[in-house]
Amino acid sequence: DISQLGSGNTGATNALRTLGLQIGLTTFFVDAFKGMLALYLCFLTDQGPKIIALVMVAVELGHCYSLFLSF
């Protein structure tokens, strides 16, 4: 459980420091991919700028306050 190691954060920096380069980079790229996927789906479905902005705010909030970590 990464939240029991290092700083207790589940992000890429703590993963890098405690578990090594490969896991740290994997964590970073998976986190980045989540945001890019949401944006790609918005463009793919031809959403307007307001919807895209709302989706990106939701991505940021979901990244900072994960459902899997009880917010």
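**Reading a predicted model: pocket, salt bridge, patch and loop**

Mentor: The largest pocket is lined by 20 residues, and those nearest its centre are D31, K34, G62, H63 and S66. Bear in mind that this is a predicted model.

Trainee: Which elements give two or more residues to the lining of the largest pocket?

Mentor: Those elements are α2 and α3. The largest share, six residues, comes from α3.

Trainee: What is the volume of the largest pocket?

Mentor: The volume is about 620 Å³.

Trainee: And how does the lining of the largest pocket divide by class?

Mentor: Nine of the lining residues are nonpolar, eight are polar and three are charged.

Trainee: Let me turn to charge pairs. How many salt bridges does a search of the whole structure find?

Mentor: Start with the general idea. A salt bridge needs a side-chain nitrogen of Lys or Arg within 4 Å of a carboxyl oxygen of Asp or Glu. Searching the whole structure gives one. D31 pairs with K34, and their closest N and O atoms are 3.4 Å apart. Both residues are also among those nearest the centre of the largest pocket.

Trainee: Where do D31 and K34 sit relative to each other in helix α2?

Mentor: They are three residues apart in helix α2, so about one helical turn separates them.

Trainee: Now the surface. Which residues make the nonpolar surface patch?

Mentor: For a patch, look for nonpolar side chains with over 30% relative accessible area, joined within 5 Å. Here the patch is made by F33, M36, L37, Y40, L41 and L44, and covers about 630 Å². Y40 belongs to helix α2. L44 is in helix α2 too.

Trainee: Is L44 buried or exposed?

Mentor: L44 has a relative accessibility of 54%, so L44 counts as exposed. L44 and D31 are 13 residues apart along the chain, and their C-alpha atoms are separated by 20 Å.

Trainee: What about F43: buried or exposed?

Mentor: F43 is placed in helix α2. Its relative accessibility is 54%, so F43 counts as exposed. F43 and T27 are 16 residues apart in sequence, with 25 Å between their C-alpha atoms.

Trainee: Where is L25 found, and how accessible is L25?

Mentor: L25 is in helix α2. At 41% relative accessibility, L25 counts as partly exposed.

Trainee: Last, the backbone. Which residue has a positive phi although it is not a glycine?

Mentor: That residue is D46, with a phi of about 55°.

Trainee: Where is D46 found?

Mentor: D46 is in the loop between α2 (21–44) and α3 (49–64).

Trainee: Is D46 buried or exposed?

Mentor: D46 has a relative accessible area of 68%, so D46 is exposed.

Trainee: Let me recap. The salt bridge joins D31 and K34. The loop that holds D46 runs between α2 and α3. Those two helices each give two or more residues to the lining of the largest pocket.

How values were computed:
Residues are numbered from 1 along each chain as its sequence is written. This is a predicted model: local features need pLDDT of at least 70, side-chain atom pairs count only at pLDDT 80 or more; totals for chains, interfaces and linings use all residues. Side-chain values use heavy atoms; hydrogens and water are left out. Helices (H or I, at least four residues) and strands (E, at least two) are DSSP runs, numbered from the N terminus. Buried means under 20% relative accessible area, exposed over 50%, partly exposed in between (1.4 Å probe, protein chains only). Patches are made of residues with over 30% relative accessible area and no salt bridge: like charges are joined within 9 Å, nonpolar side chains (Val, Leu, Ile, Met, Phe, Trp, Tyr) within 5 Å. Accessible areas come from the Shrake-Rupley method with a 1.4 Å probe; for residues, only the protein chains shown count as cover. On a 1 Å grid over the protein atoms alone, a cavity is a set of points where a 1.4 Å probe fits but cannot get out, and a pocket is an open set with protein on both sides within 12 Å along at least five of seven lines; lining residues have an atom within 4 Å of a point. Grid points are joined across faces, edges and corners, and a volume is the space filled by probe spheres set on the points. Ala, Val, Leu, Ile, Met, Phe, Trp, Tyr, Cys and Pro count as nonpolar, Asp, Glu, Lys and Arg as charged, and the others, Gly among them, as polar.
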